[in-house]
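Q: Please pick one part of this model and take me through it closely. Then show me what lies around it.

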Amino acid sequence: MRVVVATAILGLAPRAALACSACALAGISDNAAAYVSMSLVLTALPLGMVLGVATWLYRNIRRADRHATGSISS
Amino acid sequence: MSAHDAGRDPGFVEKYLYSTDHKTIGLQYMLTGMAMALIGAFTVYVFRMQAAYPGSSVPLFGRVAAADYNYLVTMHGTIMIFWVAMPVLIGGFGNYLIPLMLGCDDMVFPRVNRLSYQIFLLSSVVLVASFFVPGGPFGGAWTAYPPLSANSAYSLTPYGSTLWLLAVALEFVAFLLGGINFITTTMNSRAPGMKMFDIPIVVWMIVLASVLFMGSVGPLVAGAVMLLLDQVVGTGFYDPSRGGDPVLWQHLFWFFGHPEVYVLLLPAMGIVAEVMTVFARKKLFAYRTIVYSAVGTGIISFFVWAHHQFVAGIDPRMASLFSVTTLIISIPVAEMFFVYIATLYGGSIRLTTPMLWALAFVAEFLLGGVTGIFLGSAGSDIYFHDTYFIVAHFHYTFFPIAFIAAFAGITFWFPKMFGRMMDETLGKVHFWGTIITFNVCFLPLFVTGTAGDHRRVFDYSGFAELATPQMQNLRILATWALLAMLAFQVVFLVNFVYSLFKGEAAEANPWKANTLEWLASSPPPHGNFETMPVVYRGPYEYSVPSRDDDYWPQYEPGDTADDGAPSGPRSVEQGA
Amino acid sequence: MRAATGRLPGPMDATARALPAPRREVVPTSVLGMLLLVGAEVMFFAGLISAFTITQAGARPGTWRLPSEPVLPAAATAFNTTALLASGLLLVRAGRQYRREPASATNTVLLAWVLGAVFVVLQGREWIGLLGQGLTIRSSTLGSFFYLIVGAHGLHAAGALVGLGVAWWRLRQGTLSPGFLLGAQTFWYFVVGVWPVIYGRVYF
Amino acid sequence: MISWLLPQASSFASTVDGLVLLISVIVGVWFILAEAVLFGLIVKFQARDGVRGRYVSGEEKTEKRWVSYPHYAVIVFDIIIIAAALRVWNDVKVVAPPSEEQVRIVAQQWSWTFVHAGLDGRLDTADDIRTVDDMYVRRGRVYTFELHSRDVVHSFSVPAFRLKQDAVPGRIIRGWFRPTLEGTFDIQCAEMCGLGHGLMPGRVHIGSPTQHEEWMRGLTNPGATARTVTPATPVTRVAANDPAYAHPGETR
């Protein structure tokens, strides 16, 4: 319940954020938005790339394994 | 032995200094790391003496000035993380073990591998050189927050900070090249028959650590280049008066800095898994769960970095979010430790020196892990941030990682590396001496940290709350324990050198272990195996009921499980 | 049984160096190695771009670009960009030709190299012009970021051109290994692919 | 637990301490349990002649539950800790009570300058009182502070308040506290800020309403304001302590 309330406060009352350095200077809310969006990009990018390479590898490894067993049975 | 090398004896330089052999490179990494550890140990000796006896002359160093203290703590952190933990765990064990455990002759890019070590060596030289430049070495903490690190008018170390940054950047390049090799080799050079889930856990862990490293290091290198330009060219990337943003560096640094913790933790966990299964004569409990937990840890580790910045002036709403992700990462890590403890159940445990180290890793890291909860919770981090509580916390994680797990690995693979056994008595003296003094050293720091003792402080006399005799006694206790701990490392060095020349000769598989490196002779020749091994089963088939031996090497022909249809050990498991 | 004969002949076996170990290449080694390097490089540029975006958003009025400084020549650079993209497309074509008949790719690789070189040279000329107009690496935050990001990309392009040039030379000599070409291609695609992002972010 | 070692001098000190206590209890129990199981297993399953290890793969559901149940428990306790931690964070750093007094804190290498609002309660007026390294506050009032830095990153830390906030050059960072205990407490710089980092102590003096008023008046009169022009004490101490400071850049 407290989490819900806390989240609600955080979401609904951003102006109450006091120790928020990023909000303190005039016109700097762009800066906060840039921080958040760039954090998302930086976090998602490596995970996406790793996922891509991992999927590619996984497919090839499976194909290699299947190929290997197939050639034996033949 | 590859074709062009056959029948030719390489000279000393080619064999030891300019080799492309993964084993030589691994040992080079490990020995360089151990040499750097001596410098790291000397720095901690000096600044702990100053903390315990402020103002007195430290033997072998002299009086410690404020600038000395700052560079000593900075260098201690930098060296121990980047020049000891990284080369020993990743460069050393990674290079040495991966091709052997996969059953191939070498890395896929041997020359890139050699280049990796050469760059690493260069970075070490640059770092050591920074001790001798005018102004002294960099003293702005291993996190190097600008503007302090960006402007020599603030740091007063015009050359030291540049050399420090250069050394760190070079070091990253070295491990980047190494990581490419590790991952590619593991994917493309496995012995025939070795499927993804037949790979020993330690190889999995080093590969996952390399993936984490390569995914996170880019932004820090970008930030380091910007910082370097600020220092050398005079740009204003981090200078607020010229439109720069000092907090930016903190983001770029910790975006790498937190995954880095897991880059080091995972290989250590892998080493411990190998040692534990061998000396408990047990199959690793829930192999796949460990791999999946490690992957999960890696993924979540990209979402937690800002917990280092709760009080650094970031948006407090963002801090709440990172507090949640930080606590979530405790879930996969706790899972791994539960699995390790469960592995002991029903075992036949032999408390050899490597096993003692491996068990001590689990026991000690647990305390480091649970104290992390205090720091990941944003509410309590307000108080604990930058106190000795944090120092004690991360020494309870990093000391097990960089030293306890490394000692487990070195004592375990020493027979393979050098063909001789290490002395058990000296090993146990070293173990107990180190573990007891380690705890006596860092438990008091939890107390002083909780009482408000903040980090990197050269002299407490100005702080009425911290300059009390009780606090000073705790500091003195920690310092004496540290001195004793350092003294016990001499036992290890003596054991290492003695065993290298006079130890009992080791057979190929002295521990009766399953993985492929024990098939090669001790030490393995260039090219590793006389006949290339073929893999028939997973790496942890210990105490299989249907067999006389309580181990069943991966390379030993036998009931081969065909695809999909479990046979041999797997049918036993279903019957149980 | 299965395992003993389980070696999968990789596509590169014909020309790869003689390997005593039975290796199972599930993917071409050079491509995987290069992809991992490229992944780290992408993160490097992502770090630079994110630093650029954050600093631009946070800069107080007047500190980002000084009024005395020139506006970045986005239109002129569009031509350079086209040359680079065309070079990338040509290299795709070269790869296809190489798979059919190696020797037939020689001229396409050369053309791709020339277009890449045109890009690097034109970027260099652009720098000289901007420096003359007062935009230097120290003059403003924009200048610092411009020279850093575009310079870092230029260095990568120059390095990739060396690799591509070696590939072309070896192709002409008939000593090119498919692995080398694949590696050089992968890196060049990265250089080409990251540029539109930089161009879109930095120049506008 | 912290209160055994350090007084609770602000309104949120007990909140932070309560959170620390809660976490200590939860992780303490976990830690002791885990160590007990670990050592229990080590002792119980020592190698004995003729007794072989058991073959347990850990892949079966019935085996896995020995790991899964504690694991679910970890998740539950994580949620409890997260809820408590966010509540405290919210109270201290996100939402502030209405401001009653103001103070500006300026950090620099290596001293603190405090600009008190003075008798009129507003900053940037003629009766502002500037002090170096000593902050004077009144018990029971809600103070909002503005944190500035002149050069590098510093961190304003008052352990007795359980308050810590970095000062970042180029930014103004705001926060609040309400002193609840009279006395003098330490102010630390908790972020590495260069040569004199360890020599940057300040003090916060919390007085009763009458004491505080006396301070204010005493500091406002001409004799006392001279204090603002004395050089920051830590700098002189650093200079005395360290030859490198006197000649920056010179080889030691």
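Predicted model: local features only at pLDDT ≥ 70, side-chain atom pairs only at ≥ 80, totals over all residues.

A: We begin with two terms. Two strands pair if DSSP finds at least two bridges between them. Strands (E, at least two residues) and helices (H or I, at least four) are DSSP runs, numbered from the N terminus.

Residues are numbered from 1 along each chain as its sequence is written, chains are lettered from A and ligands numbered from 1 in the order written, and side-chain values use heavy atoms, leaving out hydrogens and water.

Strands of a sheet pair through backbone hydrogen bonds, either parallel or antiparallel.

Now zoom in on one pair. Strand S1 of chain D covers residues 101-108, and strand S5 of chain D covers residues 143-149. They run parallel and are joined by 7 bridges.

Follow chain D into the loop between S1 and strand S2 (111-116), where D:Trp110 sits. The peptide bond from D:Gln109 to D:Trp110 is cis, with omega about -10°.

Chain D has another open sheet to trace. Its 5 strands come in the order S4-S10-S9-S6-S7, and here too the pairing is mixed. Strand S4 (134-138) and strand S7 (163-167) of chain D stand at the edges with a single partner strand each, so one side of each has no neighbour in the sheet.

Which way do S6 and S7 of chain D run? They are antiparallel, and 5 bridges join strand S6 (residues 154-158) to S7(D). Look for D:Ser157, whose bridge partner in S7(D) is D:Lys164.

Next, see what chain D meets. Its contact with chain B takes 92 residues from chain D and 107 residues from chain B (contact means heavy atoms within 4.5 Å). Together the two chains bury about 8400 Å², with 65% of it on carbon and sulfur atoms. Buried area is the accessible area (1.4 Å probe) that two parts lose on being put together, summed over both. Three residues, B:Ile382, B:Tyr383 and B:Glu465, supply 8% of the area that chain B buries here, more than any other three residues.

The count between chain B and chain D is 1 salt bridge. A salt bridge puts a side-chain nitrogen of Lys or Arg within 4 Å of a carboxyl oxygen of Asp or Glu. Find D:Arg171 and B:Asp245: their side chains meet in a salt bridge at 3.4 Å, N to O.

Over residues 1-7 of chain B, though, pLDDT stays under 50. Residues 560-576 of chain B are also below 50.

B:Thr186 lies in helix H6 (residues 160-188). It counts as buried at 2% relative accessibility. Buried means under 20% relative accessible area, exposed over 50%, partly exposed in between (1.4 Å probe, protein chains only). Leaving out residues up to four places away in sequence, B:Thr186 touches B:Ile98, B:Leu102, B:Ile199, B:Val203 and B:Val207.

B:Phe488 belongs to helix H16 (residues 469-502) of chain B. At 27% relative accessibility, B:Phe488 is partly exposed. B:Phe431 is 57 residues from B:Phe488 in sequence, and their C-alpha atoms are 8.6 Å apart.

End in a loop. B:Ala286 sits between helix H8 (246-280) and helix H9 (287-300) of chain B. Its phi is positive, about 55°, although it is not a glycine. B:Ala286 is buried, with a relative accessible area of 1%.

Note on methods. pLDDT = per-residue confidence, 0-100.
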